[in-house]
Amino acid sequence: MTTEEVYLHPEDYDLELADRDVHDLPFWISVMHAEKPRSVLEVGCGTGRLTVPLARDGANQRYLVSGIDPEQPMLERAMSRRSRLPADVRDALSLFQGDIRTVRLQTTFDVVLMPYGAAHHLLTLDDQLTAWRNARRHLREGGLFALDVDAPNMGVLHRLMKGTPRHRDLDAVIPSGRKLQRTVASRYSPSTQRAVHDYRYHATDPDGTQRCYTSTFEMHVYFPRELELLCLATGLRCERLLGSYEGAAFDDRSAQMILMARAC
Ligand SMILES: C[S@@+](CC[C@H](N)C(=O)[O-])C[C@H]1O[C@@H](n2cnc3c(N)ncnc32)[C@H](O)[C@@H]1O
């Protein structure tokens with residue numbers, strides 16, 4: 001299964017993320033400090049952007065981190081990062097190939113985390129229910145299921161309904177001389193709650209080698225009540241819905257929806 005072509009180019013994924021101002025890590029670390037878990041599962045761990053610093057924190061705070069991802073190239077990059085870690089951090093981190101809809105790890109966790117929009121990849125109600133149920137199955141009683149997705153912005157979605165013209169949304173260079181440029185054209189269908197972002201990547205290596213490819217990101221657009229209902233249907237209780245990584249409650253201006261739910 002390949003959800004997005006860019007996941008076959010994990011070095012581009014990391015460069016793209018480095019160019020964005022994503023500041024979710026301190027929030028997730030603070031969640032761990034409040035929860036004091038012994039074990040954490042990160043669903044959709046990708047290249048280990050969050051997984052590795054969480055494992056570093058886990059080595060200090062005495063919790064173990066496991067990460068799953070269906071995409072072999074992303075996971076290989078996470079594994080390579082893991083191999084360069086000090087032994088105590090490496091020992092606190094396990095990585096597996098797996099899809100949250102089907103994976104069966106023979107253990108339960110205190111926290112199951114599905115960060116940075118991984119849940120947008122679950123396109124159908126059946127996918128979502130299956131994923132939520134399986135996350136619940138991997139939680140101990142009272143454990144925390146937490147995820148973040150983009151909040152639905154009606155202004156943006158309205159523009160996307162007409163289809164946005166192709167435009168450049170990324171132009172990044174790293175000190176090694178690697179360049180990554182990207183253009184995107186997007187559209188949104190309200191009847192299916194699906195946004196489709198049609199990306200075109202143009203990567204230039206320091207030796208001048210160029211690679212161009214397209215990567216289509218089909219994302220389910222969640223609405224707040226939907227997150228609550230998915231929890232209600234799968235043995236989870238929505239405890240809090242936050243609207244930012246600073247911990248503000250979700251409101252009309254929030255850019256994110258951060259779901260914190262308990263296994264009950
Ligand atoms: C936006 S990336 C986030 C990666 C990483 N957590 C981060 O913060 O950089 C979403 C990840 O979810 C993974 N993913 C997509 N569908 C999935 C599924 N059904 N089960 C588990 N992971 C999935 C993708 O392969 C991708 O690595």
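How do the residues of the shell around the ligand divide into nonpolar, polar and charged? They divide into 12 nonpolar, five polar and five charged, where Ala, Val, Leu, Ile, Met, Phe, Trp, Tyr, Cys and Pro count as nonpolar, Asp, Glu, Lys and Arg as charged, and the others, Gly among them, as polar. In this shell 22 residues surround the ligand, and the closest are Gly44, Gly46, Arg49, Tyr116 and Ala118; a residue is near a molecule or strand if its C-beta atom, placed from the backbone, lies within 6 Å of it.

The model is predicted, and local features need pLDDT of at least 70, side-chain atom pairs count only at pLDDT 80 or more, while totals for chains, interfaces and linings use all residues. Residues are numbered from 1 along each chain as its sequence is written.

The domain assignment of the protein gives domain 1 (5–152 + 223–263) and domain 2 (154–220), with bounds that come from an automatic or database domain assignment. The C-alpha centres of the two domains lie 23 Å apart. To their contact domain 1 gives 10 residues and domain 2 gives 16 residues, two residues being in contact if their C-beta atoms, placed from the backbone, lie within 7 Å. On the side of domain 1 that touches domain 2, the residues divide into five nonpolar, one polar and four charged.

Turning to the sheet, seven strands form an open sheet of mixed pairing in the order 3-2-1-4-5-11-10. Here helices (H or I, at least four residues) and strands (E, at least two) are DSSP runs, numbered from the N terminus, and two strands pair if DSSP finds at least two bridges between them. Strand 3 (93–97) and strand 10 (236–242) stand at the edges with a single partner strand each, so one side of each is left without a neighbour in the sheet. From one strand to the next the twist averages 20°. Strand 1 (residues 39–43) and strand 4 (residues 109–114) run parallel and are joined by three bridges, and Val40 stands opposite Val111 in strand 4.

Helix 2 (residues 25–35) lies across strand 1, strand 4 and strand 5 (139–150), and runs at about 165° to strand 4; axes are lines fitted to C-alpha atoms, for helices over the stretch in contact, and angles run from 0 to 180 degrees between N-to-C directions. Helix 4 (residues 72–83) also packs on the sheet, touching strand 2 (64–69) and strand 3, and its direction makes about 160° with that of strand 3.

Strand 8 (residues 194–204) and strand 9 (residues 210–220) run antiparallel, joined by 11 bridges. They form a hairpin with five residues between them, and Gly208 in the turn has a positive phi of about 95°.
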